[in-house]
Amino acid sequence: MKGAIFDLDGVLVDTAIYHYAAWMSVVRGIAGLKMFEDRVEIDPEMIPWWKSLSFNVCWHGCPIKVQLDNEKLEVSADFDKAECVPIVIFGERYELKSNETITKEISVNLKEFCRFHSDEARKEERII
């Protein structure tokens, strides 16, 4: 598969709540995005067979673009304001300034990913 289109346009029924829930699962789960009153946190867990993920969010009126692939995470400020966005990436605190991009290298290892998640699945089976 080279790509996917995520479209719940609601022609027959109202699907807005499902569309929102699906996108939030991706943004919070895979990108690890959490938005607080005083900061934005990003701690991604990229899926090895996904090539990339990108989305835009707005924090206190400041648009932010997040781009993630299996090699890097880029967080860009898409605003021309004097204020900065306090952002925590992989536990490190930054100040994202107007029209700035913060780039962090990431490493996604398919074997480690599968081993970790199979171990987690086994833990879940023991709990149930």
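Modeller: Accessible areas here come from the Shrake-Rupley method with a 1.4 Å probe, and for residues only the protein chains shown count as cover. On that basis the chain exposes about 9100 Å², with carbon and sulfur atoms supplying 54% of that area. Keep in mind that this is a predicted model, where local features need pLDDT of at least 70 and side-chain atom pairs count only at pLDDT 80 or more, while totals for chains, interfaces and linings use all residues. Residues are numbered from 1 along each chain as its sequence is written, and side-chain values use heavy atoms, leaving out hydrogens and water.

First, the overall layout. The chain has two helices and eight strands (DSSP runs numbered from the N terminus: H or I of at least four residues for helices, E of at least two for strands). Going along the sequence you get α-β-β-β-β-β-β-β-β-α. Out of 128 residues, 30% are buried (under 20% relative accessible area; exposed is over 50%, partly exposed is in between, with a 1.4 Å probe and protein chains only). As for contacts (heavy atoms within 4.5 Å), among those with a separation of 6 or more, 38% link residues 24 or more positions apart.

In soluble globular proteins, nonpolar side chains tend to be buried together. Zoom in on Ile 87: skipping neighbours within four places in sequence, Ile 87 touches Val 40, Ile 42, Val 75, Glu 92, Arg 93, Tyr 94, Leu 96 and Ile 102.

Ile 64 turns up again as a contact of Ser 76. Ser 76 belongs to strand β5 and counts as buried because its relative accessibility is 15%. Beyond four places in sequence, Ser 76 also contacts Pro 63, Lys 65, Leu 96, Glu 100 and Thr 101. With Thr 101 there is a side-chain polar contact of 3.0 Å (a pair of N or O atoms within 3.5 Å; within protein, one must be able to donate a hydrogen and the other to accept it, and residues adjacent in sequence count only if both atoms are side-chain atoms).

Back to Glu 92, one of the contacts of Ile 87. Glu 92 makes a salt bridge to Lys 104, with the closest N and O atoms 3.9 Å apart (the rule wants a side-chain nitrogen of Lys or Arg within 4 Å of a carboxyl oxygen of Asp or Glu). Because Glu 92 lies in strand β7 and Lys 104 in strand β8 (residues 101–105), this pair ties together parts 12 residues apart in sequence. Glu 92 is partly exposed, at 42% relative accessibility. Within it, Arg 39 pairs with Asp 38 at 2.8 Å between the closest N and O atoms. Another bridge links Lys 72 and Asp 69, at 3.2 Å between the closest N and O atoms. Lys 72 is partly exposed, with a relative accessible area of 31%. The salt-bridge count is four.
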